[in-house]
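Here are my notes on this one, as numbered points. Have the model open while you go through them.

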Amino acid sequence: MTGAATISGPERERIAAVLAEIACAAGEILRRYHRGPCPHALKADGSPSSAADVEAEDLIVAALAGQFPGIAVVAEERAQGGEPAGRPAETFFLVDPLDGTRDFLAGTPDYSVNIALVAGERPVAAALAAPGLGRVWWAGPRALEAPVLEGRPGAARPVHVRAAPEAGLLALGSRRHGDAASDLCLAALPVLETRQVGSAVKFGLIAAGEADIYVRCGPTMAWDTAAGDHLVAAAGGCVVVPGGGPIRYGRQGSDHRNGPFAALGDPTLAPRLALPARAAGPAAVPQLSAARP
């Protein structure tokens with residue numbers, strides 16, 4: 001695998017289906033921890049890492065190595081724990097084993113497992129599982145959704161974004177990561193309602209035509225967005241950065257940090273956005289205890 005042009009549509013679809021199976025299996029680990037105590041600690045950047053993150057990541061990395069030997073994996077816990085990323089020139093996996101860890105530790109259900117295959121700086125196959133909601137999305141050339149049944153994807157159906165509603169947009173915001181720059185961008189659009197949703201689940205809801213826009217000017221990481229980015233694009237939407245282009249994965253540097261972006265169900269909204277050139281600083285976050293009761 002060297003780039004999107006060299007991976008056929010059927011092969012991308014097969015890869016995405018495998019990623020969905022892996023994401024659902026990792027989701028079962030998260031569900032088990034979500035029902036009981038989950039030891040955790042704060043990383044150097046102040047974000048939490050839990051036993052659930054580590055165990056789910058171990059499962060995903062092992063499964064990817066077995067299914068796709070020779071393709072490097074950039075996974076959150078390993079990358080932020082000091083292990084070299086090993087990113088090759090063209091093709092690699094981006095993995096977030098537990099996106100929305102703070103919400104997960106607080107007991108809310110909208111956390112996710114994100115896995116994306118990047119080829120030529122763009123995702124070409126991806127899966128996004130929401131174990132707490134019993135939903136999984138995946139995409140090669142097209143976007144699909146299924147219920148999670150006994151830890152595996154059930155019967156799949158195609159999903160597609162919706163056109164911007166005349167009555168106004170449903171915007172999705174982050175429950176714990178709001179910033180003034182994102183609010184300013186949304187103020188220029190006809191937003192009827194803003195709903196707070198944790199993790200990359202926001203991308204899944206936009207891809208499924210259940211919401212319209214997610215703007216994030218605060219800092220995020222490549223593994224936070226790659227799977228959802230591809231899912232929204234395959235469903236007919238887009239994820240844009242300042243200037244209107246896509247996120248280019250592998251260009252973020254050693255810290256894997258994204259700049260501002262917006263996920264849009266209706267691409268015609270893109271010219272109306274004025275994203276800032278740089279990401280806003282991190283919002284203040286509450287400290288967490290060493291274990292959830």
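1. How many disulfides does the count come to? Zero, taking a disulfide as a pair of cysteine sulfur atoms within 2.5 Å. Cys185 has its closest cysteine sulfur in Cys217, but at 4.2 Å that is too far for a bond.

2. Before going on, a caveat: this is a predicted model, where local features need pLDDT of at least 70 and side-chain atom pairs count only at pLDDT 80 or more, while totals for chains, interfaces and linings use all residues. Residues are numbered from 1 along each chain as its sequence is written, and side-chain values use heavy atoms, with hydrogens and water left out.

3. Cys185 is buried, at 5% relative accessible area, and Cys238 is buried too, at 15%. (Buried is under 20% relative accessible area, exposed over 50%, partly exposed in between, with a 1.4 Å probe and protein chains only.)

4. Now have a look at strand β6, residues 122–130. Strands here are DSSP runs of E, at least two residues, numbered from the N terminus. Nine of the nine β6 residues are buried, so the rest of the structure largely encloses this strand.

5. On one side of the pairing list is β5 (residues 112–119), antiparallel to β6 over seven bridges; strands pair if DSSP finds at least two bridges between them. Val118 has Pro123 of β6 as its bridge partner. Two residues separate the strands in this hairpin, and Gly120 takes a positive phi near 65°.

6. β6 also runs antiparallel to β7 (residues 135–139), joined by five bridges, with Ala127 opposite Trp138 of β7. This hairpin has four residues between its strands, and Gly134 in the turn has a positive phi of about 70°.
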